[in-house]
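Hi there,

Here is the structure I promised to pass on to you. Have a look at it first, and then read my notes below.

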Number of protein chains: 2
Amino acid sequence: MPLFEGVPERLLLLAAEAVRPQQYAAGQVILQQGAPGEALLLMGLGAVRVSRVDAAGRERVMNDAYAPAVLGETALLTGGERSASVTALGEVGAWLLYRDDFVRLSNLAPRLLWNLARLLAERVTAQSDELIAVGVSTELNMVQVFLGLYRQRQVAGEAHPERLPLGRSDLTLRLSSSRETVVRLLRRLEQARLISVRSGEVTLCDPVGLEALLYDIAAEEH
Amino acid sequence: MPLFEGVPERLLLLAAEAVRPQQYAAGQVILQQGAPGEALLLMGLGAVRVSRVDAAGRERVMNDAYAPAVLGETALLTGGERSASVTALGEVGAWLLYRDDFVRLSNLAPRLLWNLARLLAERVTAQSDELIAVGVSTELNMVQVFLGLYRQRQVAGEAHPERLPLGRSDLTLRLSSSRETVVRLLRRLEQARLISVRSGEVTLCDPVGLEALLYDIAAEEH
């Protein structure tokens with residue numbers, strides 16, 4: 001669990017006493033945007049999808065997260081509402097760590113807060129790269145999303161990291177794009193034998209070719 | 001300075017002893033992406049522009065920051081290179097807080113790390129909304145950038161918050177868009193009397209009308 005990296009063992013024991021184990025089934029909404037956020041979610045098993053609706057009611061899937069991961073930190077830190085919804089992609093095992101306990105533990109081991117800030121800083125950098133890609137083209141954004149998810153699934157030790165759990169509707173929400181655009185771009189990548197598309201799944205046939213495409217698109221556009 | 005909110009006074013005195021004051025002139029590169037990052041930059045006066053180049057060499061201006069603000073936290077937290085470049089938009093007064101001092105102070109007052117994590121969580125949320133906007137259209141992104149910058153300048157107490165320091169080239173970098181698209185969108189907003197464009201400056205004539213447009217664009221697209 002990256003949140004606990006470098007944290008003294010004595011403190012890990014206190015944390016283990018403070019958390020409450022939870023199980024969630026596939027499709028279950030674990031955190032609901034707009035609800036009060038009183039606990040961190042430490043995911044030990046499984047994967048989730050994070051989505052956000054903006055003030056004008058537009059929804060986007062922001063990213064998927066694979067265990068081990070920490071979620072729900074924004075509401076905890078700001079004292080406000082959940083900034084996004086989190087839905088289980090399959091069976092999820094997690095622990096809830098409530099604000100009072102988190103504050104108490106982080107006063108004993110500030111390293112916890114350092115780790116949390118580091119994870120957030122890494123997310124800012126990843127989102128910056130996604131903003132660059134989206135600004136260039138939906139195709140670039142799509143390829144970058146595929147490769148990012150592939151790497152996440154590799155790190156998480158998934159048996160088939162190349163089989164991405166993304167249907168056409170998932171992709172329209174992930175890329176804030178129209179179904180027509182998504183279908184057209186998927187067809188183009190499929191014809192180039194870089195991916196194959198089945199119901200609810202995109203399989204990367206040639207991750208190296210997709211990686212090369214990232215640079216080709218950049219050259220095209222500039 | 002939001003970084004020091006709720007931090008005991010005794011600690012503020014230690015911080016004041018640890019920091020080193022710096023002055024930067026307009027146009028000066030304060031932090032350079034890729035350079036080793038050994039200090040936080042606490043900006044007390046002025047404004048800066050933050051930009052990032054991705055692995056394929058595409059540049060985007062990520063945002064502007066107005067004093068009081070903290071910058072340079074990503075490299076400090078990750079122990080890696082600067083994740084973005086920071087350039088002075090005018091005269092900038094700042095303090096450098098080196099990693100060792102920051103670690104020492106944050107062990108005495110974990111609240112410092114809490115505040116830093118909170119600022120990063122807020123940035124993730126703002127970037128999420130920008131990703132939603134960019135996915136919908138460059139026009140929506142442009143309007144959202146204008147209104148966001150206007151609010152930042154209001155909070156910073158700028159004499160003319162409606163006069164945004166954005167030329168056409170700045171906007172192509174801010175929106176990862178082509179010059180043609182930027183010129184076309186500016187003309188459209190100007191014809192609707194929502195903005196007026198001069199060399200190096202966009203003036204918001206009707207912020208309320210721009211706000212309404214955010215919702216109109218959403219309705220159009222869906």
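Is B:Arg151 buried, partly exposed or exposed? With a relative accessibility of 40%, B:Arg151 counts as partly exposed (buried means under 20% relative accessible area, exposed over 50%, and partly exposed in between, with a 1.4 Å probe and protein chains only).

Before going on, two notes on how to read everything. This is a predicted model, so local features need pLDDT of at least 70 and side-chain atom pairs count only at pLDDT 80 or more, while totals for chains, interfaces and linings use all residues. Residues are numbered from 1 along each chain as its sequence is written, chains are lettered from A and ligands numbered from 1 in the order in which they are written, and side-chain values use heavy atoms, with hydrogens and water left out.

**Salt bridges**

A salt bridge here is a side-chain nitrogen of Lys or Arg within 4 Å of a carboxyl oxygen of Asp or Glu. Over all chains, the structure holds 30 of them. One of them joins B:Glu211 to B:Arg151, with the closest N and O atoms 3.2 Å apart. This pair links distant parts of the chain: B:Glu211 sits in helix H8 (residues 207–221) of chain B and B:Arg151 in helix H5 (residues 138–155) of chain B, 60 residues apart. (Helices are DSSP runs of H or I with at least four residues, strands are E runs of at least two, and both are numbered from the N terminus.) B:Glu211 is partly exposed, at 30% relative accessibility.

In chain A, A:Arg151 and A:Glu211 form a salt bridge, their closest N and O atoms being 3.2 Å apart.

**A strand pair in chain B**

Strand E4 (residues 47–53) and E5(B) run antiparallel and pair over seven bridges (two strands pair if DSSP finds at least two bridges between them). B:Val48 has B:Ala65 in E5(B) as its bridge partner. Five residues lie between the strands of this hairpin, and there B:Gly57 takes a positive phi near 90°. Strand E5 (residues 59–66) of chain B has six of its eight residues buried, so it is largely enclosed by the rest of the structure.

**A helix in chain A**

Finally, find H4(A): 22 of its 26 residues are buried, so to speak mostly covered.

Enjoy exploring!
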